[in-house]
Amino acid sequence: MTLFVAKPTGPRLPNAQRGRLGLGSAGVIALVIVILAAITAVVGVWITPHDPTAPNLSYAWIGPDATYWLGYDVQGRDVLSRVLAGARSSMLGPLVVVVVCMTIGVLLALVAAWHGGLIDTLVSSGMDILFAFPAILLAALAAAVFGAGLWPAVVALTIAYTPYVARLLRGAMLQARNQPYIAALEVQGASVPSIWFRHLLPNVLPLVVAQSTILFGYAMIDIAILSYLGLGIQPPAPDWGVMVSENQSGILQGYPLPAFAASVCIVAVVVSMNLLGERLLQASGGRR
Amino acid sequence: MFWRFLGRRGVMLLAAILIASFAIFGAMYLTPGSPIAALTGGKSISPEAVAALKARYHLDQPFLVQYWYWLTNALHGDLGTSITLRQDVSQLIAERAWITFALVAYAALLIVIFGIGLGIVAGLRTGWVDTSIVVISAAAAGIPSFIAAIVLLLVFSVLLGWFPAFGAGSGFGDVLWHLTLPAIALAVSAMAIVTRITRASVRQENAAEHVQTAISRGIPRRLVLTRHVLRNAAIPITTVTGITIASLIAISSVVDTAFGLGGLGQFLVRSAQSKDLAVVQGISLVLVIVFVVMNLIVDIIYAALDPRVKLGTRAS
Amino acid sequence: MINAADTAAPLLEVNRLTVDIDVDGEIRHILNGVSFTLKAGEALGLVGESGSGKSMTVKAIDRLLPRGARQGGSIRFRGRDIATFKGSEARRYCSEVAMVFQDPRVAINPVRKIGDFMTEAIVTNGGVSRREANRRAVDMLARLRIPDGARRLEQYPHELSGGLLQRVMIASTLLTEPKLLLADEPTTALDVSTQAEIMLILNDLRRDLGLAVIFITHDLELAGAICDGLAVMYAGEIVEQGPHVYEAPRHPYTVELMAARPDIERRVKRLPVLTYNLERHRALTAGVPAAAGEEQRR
């Protein structure tokens, strides 16, 4: 009994299907969405077709027309203008959270992994205690103390996320630190900062980048949630979370478009960021 | 061994709660604005009355003494008085807590049944069943709870009229009916995460060499699945599911607000907005304790499921 | 069930075995017509480079081919094609052919007790009571020079050393009273002193129980010392087999392989590098029956 003999075909690399960036078609779409959102965050406030904050109650809940492509919201403002202008605060908040979290997380992880012993124990148990505070709860506390706004929310989320980041990076950093060539560098008398920033950090950089995109998604959801709850950005400022909150009553009255326009923006960016993060994580995992 | 582990974790738990309580009280102490003004609602009163109020609320004492009074009172169930509602905070919390816990329990049930169930199915199957579960869960994981809430509201309350749009109802069946949409909204993204972890864990265990060993010894497929694949995959699955469910306690404030359920979450948000500090402190303390205790339970289950765990650390 | 005809037939006949695996749409030929026979009580050493198809051969015999693998040719156990075994026959085959895996750390479920692992097969398929199964397990451990068996049964795999765990693995396979033991590099994952011990145990058991054994190993000395014959694999084929291989290899690949062994008696500056490659192999085997007598698949 002999089975067929197939002609050998050329080796097909998994990356061949995923293009040069290794993202795949879904990844490329995600990247385009994120870039578009980022551009809108920068220039959005200048390209609004109408004033995003000028109310005109007589137009409330009117559907799209030729010059108001997404119609009017609860106060008769142009939905498209508010979506464009709202990109800035919706993207800026998560960006600040991610940058600050990653900076603090990387430094804490470096110090803990490098020194070990008591310092490591202190940092790790400090992080463990911070775990006791869920992000939303911390944000509610911050809003109660400092008043509701974007910055208390950003501070609260930064505090809430840092333990996750620090714990994750500490593990990766410890792994990198225990590699023989790091010990070799130490013996050779390389300065500590040079080992940290020229050897340890590049080792965990792919993980930092991948985790940053995933964290961005989480931060975006949480900031939107806080704005929706009235503990974050305050109306009438244009912001996607605020838009969902303001226009929620429209859903019950049969005018879902304003709330959905903002929802779609949030979900699109979050899903894209998660997808990119996963792809980057796979790519960084494959390289090790 | 196990009891020592439990004891050590218990001490860590108390330390975490103590530090958390300190942080909660400290944050409130830092609040700009005079607590007297908050107590009097901004009305001007005589200096004697101010002094009396200060003495009554120990406001003339140093910070640590005030914290001590607050903590010992809290331990006795006295969390102070709400300035907006003029009622006992413990009482107010007790009236609302059941809604939050019922909501989280309902969502937890959905996560366990559908999240883990779909994950197992996707983990064991290949082809379109697996692909569609993977794609749907990837999308669902990105849906924030408040967006899930408004979509469900639109479709099932407004358009179809199957479920109520507001309130928590009364009586078991009615509450179940009222809480169905909120529980789904709360569970959606968590369910997706659990599904993905379950699928990955089942896949990983299914490919493990010890499973090959069992198959090579002629153990029936069904037993290989329950005794080896699912038994071992249960370790990461319970950990992730447990932590995810614990995190719902805080996120419940979103669906609580969206559906106007009147649970602890909505109360917390309203009190934070109106700067009703005693209430925010009280609810924060309760939620932190519940959250920490749930995480401890997850750790204990983890240690019980995995004999390799050095009783004391959670391998993440 | 065992009649005269069965016992007269060789225990195992592998006849022109082929295995093809689909890797991302590309068909890979893992085995290209492997044939050999094994009598009861006989020991065969399967040697060759990594990727030459040794593991796949024993996997096919143990019916453990990966999903999507296509098998051609036949494997007969006591004269009957193993592909036809179903239900109770299949379970009996599983108990008669046992596999000792390379790394006991991953081949034994880490979260179940040693006792569960050892007795699982005889309790589930053999209908033996748990109590009786435990007694047998303790006896078998004692036979493998593990004295405190009753305590071991209550322990978890991570509490045992690698060598001890491999002895547990071997003991557990013997509980079903197999006729054929497949040992896929049973000592590779262990340290050197333990390796010798495990091989000694396996060799003794083989003699005592009349077990047929297929050893997969990289260690030519070891294979030559304990096996009745060697089969040398290259690129999914057996290039040479028989009792002569260790002492007097004939096939050019085997000659080179034997010459490449490090020798403590003889000092060399550098170990020789094998010059035998796939092109030479193809040229050599084109149209010509291989030394071991397989027919080439075309």
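Guide: Of the 316 residues in chain B, 43% count as buried. This is a predicted model, and the values that follow are computed from it. Chain B has 12 helices and zero strands, so its pattern along the sequence, by the DSSP runs used here, reads α-α-α-α-α-α-α-α-α-α-α-α. Along the principal axes, the C-alpha atoms of chain B fill a box of roughly 85 × 55 × 35 Å. Among the contacts in chain B with a separation of 6 or more, 74% are between residues 24 or more positions apart.

Chain B meets chain A in a contact that takes 39 residues from chain B and 34 residues from chain A. On the side of chain A that touches chain B, at least two residues each come from α5 (135-146), α8 (192-229), α10 (248-252) and α11 (257-287). The largest share of that side, eight residues, is supplied by α5(A). By residue type, the side of chain A that touches chain B divides into 28 nonpolar, six polar and no charged residues.

Within chain A, one helix pair can be followed residue by residue. Two packed helices are described by the angle between their axes and the distance between the axes. For helix α2 (residues 24-43) and helix α3 (residues 79-115) of chain A, the axes come within 7 Å and cross at roughly 105°. Angles of 65 to 115 degrees count as roughly perpendicular, and α2(A) and α3(A) are therefore roughly perpendicular to each other. The α2(A) side of this contact consists of A37(A), A38(A), T40(A) and A41(A), which meet L84(A), A87(A), R88(A), M91(A) and L92(A) in α3(A). The residues of this contact between α2(A) and α3(A) divide into seven nonpolar, one polar and one charged.

The UniProt record, an unreviewed entry, lists "transmembrane region" for residues 21-47, 91-114, 126-144, 204-231 and 251-277 of chain A. Two of these spans can be compared with the model. Residues 91-114 of chain A are 100% helix and 0% strand, with their end C-alpha atoms 34 Å apart. Residues 126-144 of chain A are 79% helix and 0% strand, and the end C-alpha atoms of that span lie 24 Å apart.

Chain C is described here by its domains. The domain assignment gives domain 1 (12-261) and domain 2 (263-298) of chain C, and the C-alpha centres of these two domains lie 25 Å apart.

Note on methods: Residues numbered from 1 in each chain as written. Chains lettered and ligands numbered in written order. Predicted model: local features only at pLDDT ≥ 70, side-chain atom pairs only at ≥ 80, totals over all residues. Helix = DSSP H or I, 4+ residues; strand = E, 2+ residues; numbered from the N terminus. Buried ≥ 20, exposed ≤ 12 C-beta atoms within 10 Å, placed from the backbone. Contact = placed C-beta atoms within 7 Å. Axes fitted to C-alpha atoms, helices over the stretch in contact; angles between N-to-C directions. Parallel < 35°, antiparallel > 145°, perpendicular 65-115°, else oblique. Nonpolar A, V, L, I, M, F, W, Y, C, P; charged D, E, K, R; others polar. Domains from an automatic or database assignment. UniProt positions renumbered as here; feature names shortened; annotations may be inferred.
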